[in-house]
Amino acid sequence: MDHVRLRLQILLIMLFIIILTGTLGFMEIEGLSLTDSVYFSVATVATVGYGDITPKTEAGKFLALVLIITGVSTFLGVVANSTDMLLNRREKLVRKEKLNMVIGVFFSEVGTDLIRLFSACDTSAGSFGKDLVVTNEWSVEEFEREDERLKHYEYNVDSSLADLNGLRAFLQEKRELVLRLFENPYLLEHQSFTELLRAVLHLKEELLHRGSLENLPPADYAHLSGDIRRVYMLLVHEWLDYMKYLSKNYPYLYSLAMRTNPFDRNASVIIR
């Protein structure tokens, strides 16, 4: 997309120079007015050629020939690249829409429940979660401000407080779904979400390779705390970003997401 935009900018500059040169040349050589010169230059470059203005001198004809050779190809290049940019932008929007559908499936089936499980072993989740009780009144700026705040949050995870057996069973149950999400080609355009899925699968493997998850050594609990923290941190950022997307594009999905907010202890899917 960037290279198309750069190419279009270069072609627009070239087109402007060609039309400017033609305008000044016809004014000097043919004695045309500024308006007629601009009109004739643009009509020539755009291959319209009404024939109402034609060069009378040899120099004017030569200038018109140069204008046709250089200007027409440049003009067509501008049209082609403008069309390409519009199509790329539309395709990008379609890809983003499909990617958010994939992310929506993840949070519906896996992500929201994982946040609840992880917040249970986050010793600061109480004060932390209160700031993530999103409402209909949240603006884009509020989402961005909260996302910036999350970058400085410590995520105080203590895996010894977690239901590790329940977490292992849940991740094993959702294994096939996560693997299918991994196969989606649109994930290539969302590195942070891909990294989240990879971290989730790694945590599952860590838990599965332990025969027992009871009475682990302190060092092992610390290791699992790091694995959970990695998933938790990526998960919260993706959740907040997805909530912002829903608030702008799908109010009815946003309504359900607010009523199932894993950070809101008073959340209820029942509307009262």
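User: Where is Asn215 found in this model?

Analyst: In this predicted model, Asn215 sits in the loop between helix 8 and helix 9 (218-249).

User: Why is Asn215 called exposed?

Analyst: Asn215 has a relative accessibility of 75%. The word exposed is used for values over 50%, so Asn215 counts as exposed.

User: Which loop holds Tyr155, and what is its phi?

Analyst: Tyr155 is in the loop between helix 5 and helix 6 (164-173). Tyr155 is not a glycine either, yet its phi is positive, at about 55°.

User: Is Tyr155 buried or exposed, and how do you know?

Analyst: The relative accessibility of Tyr155 is 1%. Buried means under 20%, so Tyr155 counts as buried.

User: Let's turn to charges. Why is the pair Arg149 and Asp131 called a salt bridge?

Analyst: The closest N and O atoms of Arg149 and Asp131 are 3.5 Å apart. The rule asks for a side-chain nitrogen of Lys or Arg within 4 Å of a carboxyl oxygen of Asp or Glu, so the pair forms a salt bridge.

User: What does the pair tie together?

Analyst: Arg149 lies in helix 5 (residues 140-150), while Asp131 is in the loop between helix 4 (125-130) and helix 5, so the bridge ties together parts that are 18 residues apart in sequence.

User: What makes Arg149 and Asp131 partly exposed?

Analyst: Arg149 is at 29% relative accessibility, and Asp131 is at 34%.

User: How are Arg149 and Glu146 placed along helix 5?

Analyst: They are 3 residues apart in helix 5, so about one helical turn separates them. Glu146 has 9% relative accessibility and counts as buried.

User: How many salt bridges does the model have by this rule?

Analyst: The count comes to 13. One of them joins Lys204 and Glu205, with the closest N and O atoms 2.4 Å apart. Lys204 is buried at 3% relative accessibility, whereas Glu205 is partly exposed at 34%.

User: Why does Glu30 have no salt bridge?

Analyst: The nearest side chain of opposite charge is Lys56, and it is 5.9 Å away. A salt bridge needs a nitrogen and an oxygen within 4 Å, so Glu30, though buried, has none.

User: What does the side chain of Glu30 meet instead?

Analyst: A polar atom of that side chain lies 2.8 Å from the backbone nitrogen of Lys56. The side chain of Glu30 also makes a polar contact with the side chain of Thr57, at 2.6 Å. Glu30 itself sits in the loop between helix 1 and helix 2. Leaving out residues up to four places away in sequence, Glu30 touches Gly25, Thr54, Pro55, Lys56, Thr57 and Gly60.

User: Which helices supply the nonpolar surface patch?

Analyst: Helix 1 (2-29) and helix 2 (34-45) each supply at least two residues, and helix 1 gives the most, with 6 residues. The patch is about 810 Å², with Phe16, Leu24 and Met27 among its members.

Conventions:
Residues are numbered from 1 along each chain as its sequence is written. This is a predicted model: local features need pLDDT of at least 70, side-chain atom pairs count only at pLDDT 80 or more; totals for chains, interfaces and linings use all residues. Side-chain values use heavy atoms; hydrogens and water are left out. Helices (H or I, at least four residues) and strands (E, at least two) are DSSP runs, numbered from the N terminus. Buried means under 20% relative accessible area, exposed over 50%, partly exposed in between (1.4 Å probe, protein chains only). Patches are made of residues with over 30% relative accessible area and no salt bridge: like charges are joined within 9 Å, nonpolar side chains (Val, Leu, Ile, Met, Phe, Trp, Tyr) within 5 Å. Accessible areas come from the Shrake-Rupley method with a 1.4 Å probe; for residues, only the protein chains shown count as cover. Lys and Arg count as positive and Asp and Glu as negative; His and the chain ends are not counted. A polar contact is a pair of N or O atoms within 3.5 Å; within protein, one must be able to donate a hydrogen and the other to accept it, and residues adjacent in sequence count only if both atoms are side-chain atoms. Contact means heavy atoms within 4.5 Å.
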